[in-house]
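Colleague: I am new to this structure and would like to learn how to read it. Please take me through it one feature at a time.

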Amino acid sequence: MEEVGVVKDIRDGKMVVEIERKSACSSCRMCAMSCEGEKIGLELENSIGAVNGDKVVLDLPGSSILFASVLVYAVPLAFFMMGMAAGNHIFGGDQALVLVCGIMFMTVGFFIVKLVDKKLGSSGSINIKARKI
């Protein structure tokens with residue numbers, strides 16, 4: 001997938017590229033609110049010698065997008081289901097406590113996603129390449 005963005009900041013050999021959420025986000029329909037017009041910033045290595053205001057094309061590999069989608073959606077869902085199962089085993093038929101247990105496990109799943117996201121972001125495992133237009 002390709003996205004066009006604008007370089008907003010250069011610091012310490014890195015560039016912050018601002019892109020509009022539009023292609024995959026607008027067709028997803030997973031969120032209740034419209035994502036059009038929202039901008040996100042990505043911090044990338046400035047290997048192309050870009051300066052503030054340059055337009056760049058970001059190449060996002062499909063495998064990275066698939067991995068991120070699985071990470072964001074499947075991990076919390078799996079933790080929710082494990083929490084429901086554990087809550088059912090511990091609390092028996094009390095549905096309120098089973099639900100609370102599932103939500104607690106899902107929250108742990110979101111924290112794990114956040115930790116993995118930070119680790120992947122700092123390690124450069126997700127290979128986003130930029131090129132000047």
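Colleague: How many helices and strands are there in the chain?

Modeller: Bear in mind that this is a predicted model. The chain has three helices and five strands. Going along the sequence, their pattern is β-β-α-β-β-α-α-β.

Colleague: In which order do the strands form the sheet?

Modeller: The order in the sheet is β3-β2-β1-β4-β5, the sheet is open, and the pairing is antiparallel. At the edges are β3 (39–45) and β5 (129–132), each of which pairs on one side only. On average, neighbouring strands of this sheet are turned by 40 degrees against each other, direction ignored.

Colleague: How many bridges join strand β1 to strand β4?

Modeller: Five bridges join β1 (residues 2–11) to β4 (residues 55–59), and the two strands run antiparallel.

Colleague: What share of the contacts joins residues at least 24 apart?

Modeller: Take the contacts between residues at least 6 apart in sequence: 64% of them join residues at least 24 apart.

Colleague: Is N46 buried or exposed?

Modeller: The cut-off for buried is under 20% relative accessible area. N46 has 18% relative accessibility, so N46 counts as buried. This residue is in the loop between β3 and β4. Leaving aside neighbours within four places in sequence, N46 is in contact with I10, G13, K14 and M15. A polar atom of the N46 side chain also lies 3.2 Å from the backbone nitrogen of G49.

Colleague: Where does E38 lie?

Modeller: E38 is in the loop between α1 (23–28) and β3. Its relative accessibility is 29%, and therefore E38 counts as partly exposed. Sequence separation and distance in space are read separately: E38 and I19 are 19 residues apart in sequence, with 8.5 Å between their C-alpha atoms.

Colleague: Why can charged side chains pair?

Modeller: Side chains of opposite charge can pair when their charged atoms come close. In this structure there are five salt bridges. One of them joins E43 to R11, with 3.5 Å between the closest N and O atoms. That pair links distant parts of the chain, since E43 is in strand β3 and R11 in strand β1, 32 residues apart. E43 has a relative accessible area of 46% and is partly exposed; R11, at 41%, is partly exposed as well.

Colleague: Which salt bridge do the side chains of E43 and K14 form, and what is the N to O distance?

Modeller: The side chains of E43 and K14 meet in a salt bridge at 3.8 Å, N to O. This pair also links distant parts of the chain: K14 is in strand β2 (residues 14–20), E43 is in strand β3, and they are 29 residues apart. K14 counts as partly exposed, at 30% relative accessibility.

Colleague: What does E45 form with K14?

Modeller: E45 forms a salt bridge with K14, and the closest N and O atoms are 3.8 Å apart. Here the link runs from E45 in strand β3 to K14 in strand β2, 31 residues apart. With 52% relative accessibility, E45 counts as exposed.

Colleague: Which residues do the salt bridges that share partners join into one network?

Modeller: The network consists of D9, R11, K14, E43 and E45.

Key:
Residues are numbered from 1 along each chain as its sequence is written. This is a predicted model: local features need pLDDT of at least 70, side-chain atom pairs count only at pLDDT 80 or more; totals for chains, interfaces and linings use all residues. Side-chain values use heavy atoms; hydrogens and water are left out. Helices (H or I, at least four residues) and strands (E, at least two) are DSSP runs, numbered from the N terminus. Contact means heavy atoms within 4.5 Å. Two strands pair if DSSP finds at least two bridges between them. Axes are lines fitted to C-alpha atoms, for helices over the stretch in contact, and angles run from 0 to 180 degrees between N-to-C directions. Buried means under 20% relative accessible area, exposed over 50%, partly exposed in between (1.4 Å probe, protein chains only). A polar contact is a pair of N or O atoms within 3.5 Å; within protein, one must be able to donate a hydrogen and the other to accept it, and residues adjacent in sequence count only if both atoms are side-chain atoms. A salt bridge is a side-chain nitrogen of Lys or Arg within 4 Å of a carboxyl oxygen of Asp or Glu.
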